[in-house]
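Please open the structure in a viewer and keep the selection tool at hand.

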Amino acid sequence: MTNANNAAIVEISQTANKFRSSIVLQYDNKYIDVKSILGLFTTLTSSGSYNLHVHGPDADEAKTAMSQVFEKHGLAVNVVSE
């Protein structure tokens, strides 16, 4: 299980921080605030499969941006529609 590269983690966090919405990554039974670089470092792996929960006033834009940045770095993510 290798960690995702630093550039991916930093870009994911920076992208999340552009939005007011809450952006939470679900992995197994863990929930990580994507705006926290430390949380991502301890959780994000290149082989994991993740669910992304986005809630807030700019959720649609955040979902699109987050999907793009995960895809750019070759990380599998499922944006949960609730």
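Helices and strands are here runs assigned by DSSP, a helix having at least four residues and a strand at least two, and they are numbered from the N terminus. The model on display is predicted.

**The annotated span.** Select residues 11-71 to begin. UniProt, in an unreviewed entry, lists these residues as "domain: HPr". The span is 43% helix and 28% strand, and its end C-alpha atoms lie 12 Å apart.

Four strands form an open sheet with mixed pairing, in the order 2-1-3-4. At its edges are strand 2 (30-33) and strand 4 (76-79), each of which pairs on one side only. On average, neighbouring strands of the sheet are turned by 30 degrees against each other, direction ignored. Strands of a sheet pair through backbone hydrogen bonds, in a parallel or an antiparallel sense.

**Strand 1 with strand 2.** Which way do strand 1 and strand 2 run relative to each other, parallel or antiparallel? They run antiparallel and are joined by 4 bridges. Select Leu-25, and then its bridge partner in strand 2, Ile-32. Tyr-27 likewise has a bridge partner in strand 2, namely Lys-30.

**Strand 1 with strand 3.** Select residues 22-27 (strand 1) together with residues 49-55 (strand 3); these pair in the antiparallel sense over 5 bridges. Ser-22 stands opposite His-55 in strand 3, Ile-23 has Val-54 as its bridge partner, and Gln-26 has Asn-51.

**An aromatic pair.** Show the side chains of Tyr-27 and Tyr-50. The structure holds 1 aromatic pair. It is formed by Tyr-27 and Tyr-50, with 4.9 Å centre to centre and 40 degrees between the planes, and is tilted. The pair links distant parts of the chain, since Tyr-27 is in strand 1 and Tyr-50 in strand 3, 23 residues apart.

**Strand 3 with strand 4.** How many bridges join strand 3 to strand 4? There are 4, and the two strands run parallel. To locate this pairing, select Ser-49, which stands opposite Ala-76 in strand 4.

**Helix 3 on the sheet.** Select residues 59-72, which form helix 3. This helix packs on the sheet and touches strand 1, strand 3 and strand 4. The direction of helix 3 makes about 155 degrees with that of strand 3.

**Helix 1 beside helix 3.** Where do the two helices meet? On helix 1, select Glu-11, Ile-12, Thr-15 and Ala-16; on helix 3, select Ala-65, Met-66, Val-69, Phe-70 and Lys-72. By class, this contact has 6 nonpolar, 1 polar and 2 charged residues.

Definitions and conventions:
Residues are numbered from 1 along each chain as its sequence is written. This is a predicted model: local features need pLDDT of at least 70, side-chain atom pairs count only at pLDDT 80 or more; totals for chains, interfaces and linings use all residues. Side-chain values use heavy atoms; hydrogens and water are left out. Two strands pair if DSSP finds at least two bridges between them. Axes are lines fitted to C-alpha atoms, for helices over the stretch in contact, and angles run from 0 to 180 degrees between N-to-C directions. Contact means heavy atoms within 4.5 Å. Ala, Val, Leu, Ile, Met, Phe, Trp, Tyr, Cys and Pro count as nonpolar, Asp, Glu, Lys and Arg as charged, and the others, Gly among them, as polar. UniProt positions are given in the numbering used here, feature names are shortened, and annotations may be inferred rather than shown by experiment. Rings of Phe, Tyr and Trp (its six-membered ring) pair if their centres lie within 6.5 Å; planes under 30 degrees apart count as stacked, over 60 as edge-to-face and the rest as tilted.
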